[in-house]
Amino acid sequence: MRTHLLLTYDFPPIGGGIARWMAELAKRYPAGSLVVSTGSHPDASEVDATFPNRVDRLPVAPRRLRTIPGLLLWARRAAMLARSTGAEFIWCGNIKPAAYAAKWTRERVGTPFGILLHGGDVLILQHQIHQSGLKRRTARDLLGAASVLVANSEWTRDRCLTLLGELDLDTAPERVRVVPLGADQEFFRPGVDTADVRTRYGLIDGRWLLSVGRLTRHKGIDTALRALARLRGRYPDLRYVVVGEGEHQPELEAEARELGVADRVRFLTGVPDRDLPALYNCAEIYVGVSRLLEQRVEGFGIALCEASACGIPVVAGRSGGIPEAVRDGETGILVDSESPEEVAAALKRLLSDPALRERMGAAGRHAVERHYNWDRVAADLVRIARDQAALGDREAVL
């Protein structure tokens with residue numbers, strides 16, 4: 001197999017859902033067939049050594065890749081990598097800044113590229129093109145130069161097609177593909193021993209709800225707190241653990257105090273990935289009630305799949321791409337993410353019915369094993385990239 005490149009701003013040791021996706025590609029692409037190009041990090045060497053594919057680090061931090069000098073450096077490096085490896089295709093982990101370097105490389109080396117779309121990025125760009133003529137031209141140039149766009153859900157694909165139409169670009173259905181994301185079914189699994197994490201994180205007593213993600217307003221943690229407050233009388237042992245960090249943590253902690261549930265809630269920050277499977281297994285229900293808020297949205301919901309992989313039923317918001325990660329009534333319950341009453345009712349239904357929790361958890365695990373896993377995601381992207389490269393080769397001959 002000929003080499004592919006992955007240009008990505010987000011990559012471990014940086015955290016987050018996009019970085020997780022990029023890392024899984026580096027892990028699951030056929031060994032030796034992918035070169036990852038990304039920024040430097042002081043802890044990079046230990047992480048990079050774990051991948052079967054090469055990670056090429058630029059001598060600047062990721063944040064510098066958003067500057068003009070950083071972009072020029074990245075573009076030259078990407079072109080050099082494309083030439084030296086004979087790369088047949090380039091993946092961009094995001095629209096900006098990666099697509100700048102990919103477009104430069106295509107113009108100088110001829111290597112076609114595709115862009116991976118996440119949901120919120122499309123909404124932000126859609127807003128920007130109506131605010132600035134320069135940003136409209138830039139978006140048109142970057143998206144127009146890409147051979148293929150890959151969305152993480154049908155919802156993200158629909159938003160992308162709308163954006164392309166507003167930019168007067170090709171909206172042919174085959175130009176925007178959908179590759180739903182997934183979880184690592186071997187790492188995230190039922191039956192993980194929870195004794196150690198329960199002791200270390202103080203999760204000994206009670207029945208636990210769980211959310212994992214950055215503490216931003218669109219994640220809906222505030223709605224989950226209000227739902228918890230509605231259930232405290234009926235379930236005096238009910239607790240809620242929130243794993244993640246972000247700028248809204250002080251506000252959420254204050255809200256928990258105002259609602260009278262602060263003693264039932266634990267905010268855990270700095271949690272290493274290795275503890276996540278056990279933390280999922282501590283929970284009876286996963287709560288992922290994200291909502292569309294300004295330009296922030298859950299384009300798919302990787303944490304929802306991780307919970308399902310651990311056999312945990314989910315209560316999730318009916319917004320963005322979440323309905324494609326959660327099969328309503330089968331692997332979890334979809335709710336109005338703005339309604340604490342509806343969230344509380346769904347939690348009550350699951351808390352009062354152990355058989356339903358077990359059935360939904362088992363169905364979630366089965367869905368991950370069969371479809372929502374990173375092996376399938378990587379295989380889909382390899383196939384798309386090879387098809388696009390072959391199409392480019394045929395067009396060059398003609």
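This is a predicted model: local features need pLDDT of at least 70, side-chain atom pairs count only at pLDDT 80 or more; totals for chains, interfaces and linings use all residues.

Biologist: What makes the charged end of R66 count as sitting over the ring of Y9?

Modeller: The charge must be within 6 Å of the ring centre and within 35 degrees of the ring normal. The charged end of R66 is 4.2 Å from the centre of the Y9 ring and is assigned a place over that ring. R108 likewise lies over the face of W104, at 3.5 Å from the ring centre.

Biologist: Why is the pair of F187 and F188 called edge-to-face?

Modeller: Ring centres must lie within 6.5 Å to pair, and planes over 60 degrees apart count as edge-to-face. By this rule there are six aromatic pairs. The centres of F187 and F188 are 4.9 Å apart and their planes stand at 80°, so this pair is edge-to-face.

Biologist: Which term applies to the pair of Y280 and Y286?

Modeller: That pair is tilted, with 5.9 Å from centre to centre and 40° between the planes. An angle under 30 degrees would count as stacked and one over 60 as edge-to-face. Ring pairs link F187, F188, Y280 and Y286 into a cluster.

Biologist: What makes β1 and β2 a pair of strands?

Modeller: At least two bridges between the strands are needed. Strand β1 (residues 4-7) and strand β2 (residues 34-38) have four, in the parallel sense. Within this pairing, L6 stands opposite V36 in β2.

Biologist: Why are β3 and β7 called edge strands?

Modeller: Seven strands form an open sheet with parallel pairing, in the order β3-β2-β1-β4-β5-β6-β7. β3 (54-57) and β7 (176-178) each pair on one side only. From one strand to the next, the twist averages 25°.

Biologist: Which strands does helix α3 lie across?

Modeller: Helix α3 (residues 68-85) lies across β1, β2 and β3, and runs at about 165° to β1. Helix α7 (residues 154-166) also packs on the sheet, where it touches β5 (113-117), β6 (148-151) and β7. The direction of α7 makes about 170° with that of β7.

Conventions
Residues are numbered from 1 along each chain as its sequence is written. Side-chain values use heavy atoms; hydrogens and water are left out. Helices (H or I, at least four residues) and strands (E, at least two) are DSSP runs, numbered from the N terminus. Axes are lines fitted to C-alpha atoms, for helices over the stretch in contact, and angles run from 0 to 180 degrees between N-to-C directions. Contact means heavy atoms within 4.5 Å.
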